[in-house]
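Hello! Here is the structure I promised to pass on to you. Have a look at it first, and then read on for my notes.

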Amino acid sequence: MTFNHHSPSTFQAYESRRFRQTPPKLRRYPHILALLKALEDENAFICIDRHFFEAMSRATGNPLPADDVFENDDFSADFCLSIGGDGTFLRTARRVATKEIPILGFNTGHLGFLAEHSISEGPEMVRRLAAGEYTVESRSLLEGKGIGEGMKAGVSGWGFALNEIAILRQDTASMITVNTRLDGMPVASYQGDGLIVSTPTGSTAYNLSVGGPIVQPTAPCWVLSPIAPHSLTMRPLVVADSHIIDIEVESRTDTYRVTLDGRSLILPIDVKLRLRRAPFVTKIIHTPDHNFIDTLRTKLLWGISKRD
């Protein structure tokens with residue numbers, strides 16, 4: 001990919017929700033402006049999401065340097081820059097969807113597992129992109145589909161998840177039963193608060209908080225992790241991502257809840273779910289020296305001894 005006036009690379013910058021609700025601390029603005037200046041210096045064609053453009057322009061008192069301002073999913077680009085946190089990165093992945101545009105995540109918060117680079121690294125990362133000093137890693141997604149007469153057209157919206165799809169009880173103290181099949185073969189009836197079906201990327205998210213295993217992000221598998229199971233024999237299960245997972249929920253209520261990367265849906269109890277691997281991937285940009293184990297150690301303090 002070249003960076004020049006004759007063949008400009010296109011960058012897509014996405015908004016962080018905090019820019020639309022509460023402006024970020026002033027110390028973040030110079031880093032964001034420095035990132036945009038670095039893109040200008042590389043003769044990149046810069047497209048910016050309208051919400052982000054307007055919020056940042058108000059906060060800084062000057063319009064951002066943008067060649068184009070877009071809304072919704074009306075864009076094309078060679079690279080996407082996600083500025084915010086992991087939630088912003090997930091929203092960026094949702095908007096990129098089938099375009100499979102590589103995403104580079106900049107973290108303006110504290111942890112940033114998906115948005116792994118500090119916003120202060122912006123100019124250096126732009127230089128690396130221009131020099132071709134990066135790798136692209138493909139991450140699998142889950143596709144979720146509701147089946148049943150109670151499933152209204154379009155109710156699920158964007159039916160894909162980069163982290164996980166969770167089946168949960170409604171706001172009641174009663175347990176639910178999540179009957180699960182793999183390619184039609186009965187696996188288990190999970191009784192408890194629900195079930196998480198996690199991608200390898202999501203293994204360090206909701207899945208980890210309920211005791212599920214950490215999985216290498218490129219591994220071809222899903223993780224089924226029960227939430228507060230009513231049986232000691234119910235443990236997380238790792239299965240190949242080539243399987244089709246069919247789910248049927250039993251509950252004392254008429255509805256249950258499904259979340260896709262935190263986006264909630266309330267479904268009638270007679271609606272079944274079918275989960276499978278999505279026909280596209282999310283592409284994440286890394287530096288050549290990126291290492292998953294190092295990320296675990298840095299972000300989660302995994303395997304760190306108190307004596308270290």
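Ala188 is buried, as its relative accessible area is 17% and buried means under 20% (exposed is over 50%, partly exposed in between, with a 1.4 Å probe and protein chains only). This residue is found in strand β12; helices (H or I, at least four residues) and strands (E, at least two) are DSSP runs, numbered from the N terminus. Leaving out residues up to four places away in sequence, Ala188 touches Val178, Asn179, Thr180 and Met234, where contact means heavy atoms within 4.5 Å. The C-alpha atoms of Ala188 and Val178 are separated by 8.0 Å, and the two residues are 10 apart along the chain.

Before you go further, please note that this is a predicted model, in which local features need pLDDT of at least 70 and side-chain atom pairs count only at pLDDT 80 or more, while totals for chains, interfaces and linings use all residues. Residues are numbered from 1 along each chain as its sequence is written, and side-chain values use heavy atoms, with hydrogens and water left out.

Now for the sheet around β12. Six strands form an open sheet in the order β9-β8-β19-β16-β11-β12, with antiparallel pairing. Its edge strands, each pairing on one side only, are β9 (160-161) and β12 (185-192). Two strands count as paired if DSSP finds at least two bridges between them.

What does β11 pair with? Strand β11 (residues 176-182) runs antiparallel to β12 over seven bridges, and antiparallel to strand β16 (residues 245-250) over six bridges. On the β12 side, Asn179 has Ser189 as its bridge partner; in β16, Asp246 stands opposite Arg181. β11 and β12 also form a hairpin with two residues between them, and Asp183 in the turn has a positive phi of about 50°. As for cover, six of the seven residues of β11 are buried.

Helix α4 (residues 86-96) is mostly covered too, with eight of its 11 residues buried. Among them are Phe89, Leu90, Arg91 and Ala93. After α4 comes Ala97, whose phi is positive, near 45°.

Thr282 lies in strand β20 (residues 282-286) and counts as buried because its relative accessibility is 5%.

How many disulfides does a search of the whole structure find? The search finds zero, taking a disulfide as a pair of cysteine sulfur atoms within 2.5 Å. For Cys80, the closest cysteine sulfur is in Cys47, 9.3 Å away, so the distance is too far for a bond. Cys80 is buried at 0% relative accessibility, and Cys221 is buried as well, at 9%.

Finally, the surface. Leu111, Leu208, Ile293, Leu300 and Trp302 make a nonpolar patch of about 390 Å². Patches are made of residues with over 30% relative accessible area and no salt bridge, joining like charges within 9 Å and nonpolar side chains (Val, Leu, Ile, Met, Phe, Trp, Tyr) within 5 Å. A salt bridge here is a side-chain nitrogen of Lys or Arg within 4 Å of a carboxyl oxygen of Asp or Glu. Accessible areas come from the Shrake-Rupley method with a 1.4 Å probe, and for residues only the protein chains shown count as cover. Leu208, in helix α6 (residues 206-209), counts as partly exposed because its relative accessibility is 31%.

Best wishes, and enjoy exploring!
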